Amino acid sequence: MNFAAQLFYSSYLSERLERLYAPRPALKDREENDPFWQRDELRLGPSQPGGPYKCGPVSNGTVSGRATLIEPERLKDFGEEELLNGDVKVYDAKVVGGPEIKLMDPPKIRRLSEFRIVDRPLVPFLRFEDISAAAFRIQTVIQKTPCTYSRLSKQYGMDIYLKKEHLHYTGSVKERGVLYLLTSLTQAQQRKGVIVATDCNFSMAVAHHAVELKIPVFVIMPSCCSSPRLRIYRDYGAMVISYGSTSHDSQNHASYLATENGYLYLEEDESAAYLAGMGTVGMEIYEQVSKLDAVVVPAAGQYGLLAGTAAAIKHLNSQVLVIGVEPEGFPLLLQSLKTDSPIKDLHSNPNKKLYGDLMERSLGVNTFQLAKKLVDNVITVSEEDSLVAMLRFQEFERSTVDTEGAMGLAAILAGQLPELKGKKVAVVVSSANMELELMRQCVDRALVLDDRVSKFSVKLGEWPGDMAKLLDVLSREDVRLLDVCHRRQSDKSDLFKAKVECVVETRDKTQSNHLRKTLSERYPSICWLDR
């Protein structure tokens, strides 16, 4: 720095110091004489264009050796003054603190007793999703059975649709549950095989579908099992073993073989897979019959069919009635509902020929709960009504079913469902497995119960032509003579009389009543016999 510059800077600095420590005039006088916006302190550039800076060298930061440009006493002016249109207004400065910050209260510690315990809904034992999955899996193997309008509808005053489950390969609805049960097994269990020991529709379905799925299957049967039934199992491809004289012997032996060899011992139970397969019947019925009002399901030894069908129907439409039918001689479900718990042992003696496997059946807890919740009504039918229903199937539907399959229709024929008059009713025909000789006996018995076959005895003289006259009367009445027996009377009081017994068949009950009236007028000694 040259001498002239040092001299200028010294004079400038002394002038500033004098002004800084000089007594200050009043604010008003000071503003008039020296307005603050015209002061040299506030000029950061040169006084004249192109002139040098008065404040010395300027650097990027604090000016070296330079005093502050604004006096400490005047710092408050910049908070109190505002330039508006050349006038100066004075405002009171007030320091206002920030908004008060309120801390949140600490969380309240609640006692365990203050919490409301909400029970989670129990997962239902049988869901509609399970039934849908079963229907999808078995659809390629199990045929969709027809549900056709019955010719008996007009006779009984309701629209009857027969779900013909007896048309399956083994003649039973249990194929549905068995197939889904077998396909649900693990591959390791399928390789080891399964074993059954009861002669029933369930075992026949297991024998057939296990062979189709290439699963080893063993059937243990007692020696009392008929040869035609054993031949059926062998024709399906199962390994049949005769053991013991009773069903208990064969079952114990099957359980032993299963334990020793790792087989899966299958019995008709209430497993979720089995019930889901049986429930596919309800899905098909609801799809095939529009505006359905009620479903009648047999429950004799097939409580899984009733529970599964009810689960499917009630999910699709809760307004549809589900009615279960049991045999009068073995009302296991009905008695269980009355006691509100499943009965294990029911002391009853049903006809073993017609309901052979009922004595081995028991009602499981899950099946009972499903029936209690979803089934609207449970009724019983007599053995006679079931036999007549079998006869109706043969005459009107051209189908041969067994007593279990005919129980649903038997409830309608017996007049036990008057509330269904004028409504659409689906009746499940569950099975048609009955031996030929037993079927013939059932038909003969049903004809008698239906007043279609009559037996009478009459005393005739030994004069020529008396027997011909009786046969001529029967011919004029258009009846069919099934049997005739001519016996000479051994009673001394009727030495010249002969006793004739006849068995005749009529078209219906009306013709039978007319025949009785005609013969009673012509032969006062006639005696009608109960067959």
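**Close-up views of a predicted model**

View 1. The axes of α15 (residues 383-396) and α17 (residues 436-449) come within 8 Å and cross at roughly 105°. Axes are lines fitted to C-alpha atoms, for helices over the stretch in contact, and angles run from 0 to 180 degrees between N-to-C directions. Helices (H or I, at least four residues) and strands (E, at least two) are DSSP runs, numbered from the N terminus. From α15, the contact (heavy atoms within 4.5 Å) draws on E384, L387, V388, M390, L391 and Q394. From α17 come M439, C442, V443, R445, A446, L447 and L449. These contact residues split into 10 nonpolar, one polar and two charged. Nonpolar covers Ala, Val, Leu, Ile, Met, Phe, Trp, Tyr, Cys and Pro; charged covers Asp, Glu, Lys and Arg; the others, Gly among them, are polar. The model is predicted: local features need pLDDT of at least 70, side-chain atom pairs count only at pLDDT 80 or more, and totals for chains, interfaces and linings use all residues. Residues are numbered from 1 along each chain as its sequence is written, and side-chain values use heavy atoms, with hydrogens and water left out.

**View 2. Helix α8 is largely enclosed by the rest of the structure, because 10 of its 12 residues are buried.** Buried means under 20% relative accessible area, exposed over 50%, and partly exposed in between (1.4 Å probe, protein chains only). α8 spans residues 201-212. From first C-alpha to last, α8 reaches 17 Å, close to the 16 Å expected at 1.5 Å a residue; the expected span is 1.5 Å times one less than the number of residues. The buried set is N201, F202, S203, M204, A205, V206, A207, H208, H209 and A210. These residues pack against helices α6 (174-183), α9 (227-236), α11 (272-288) and α16 (403-413), and against strands β5 (194-196) and β6 (217-221). Just after α8, K214 takes a positive phi of about 65°.

**View 3. Four strands form an open antiparallel sheet in the order β14-β15-β13-β16.** Two strands pair if DSSP finds at least two bridges between them. β14 (480-488) and β16 (527-529) are the edge strands; each has a single partner, so one side of each lacks a neighbour in the sheet. Neighbouring strands are turned by 25° against each other on average, direction ignored. Nine bridges join β13 (residues 453-461) to β15 (residues 497-505). G461 has K497 of β15 as its bridge partner. Helix α18 (residues 466-476) packs on this sheet and touches β13, β14 and β15. Its direction makes about 150° with that of β13.

**View 4. L529 lies in strand β16.** At 28% relative accessibility, L529 counts as partly exposed. L529 and K455 are 74 residues apart in sequence, yet 5.4 Å apart in space, C-alpha to C-alpha. Neighbours within four places in sequence aside, L529 is in contact with K455, F456 and S457.

**View 5. Six strands form an open sheet with mixed pairing, ordered β3-β4-β12-β9-β10-β11.** The edges are β3 (147-149) and β11 (377-381); each has a single partner strand, so one side of each is left without a neighbour in the sheet. The twist averages 25° from one strand to the next. β9 (residues 294-298) and β10 (residues 321-327) run parallel, joined by five bridges. V295 pairs with V322 of β10 as its bridge partner.
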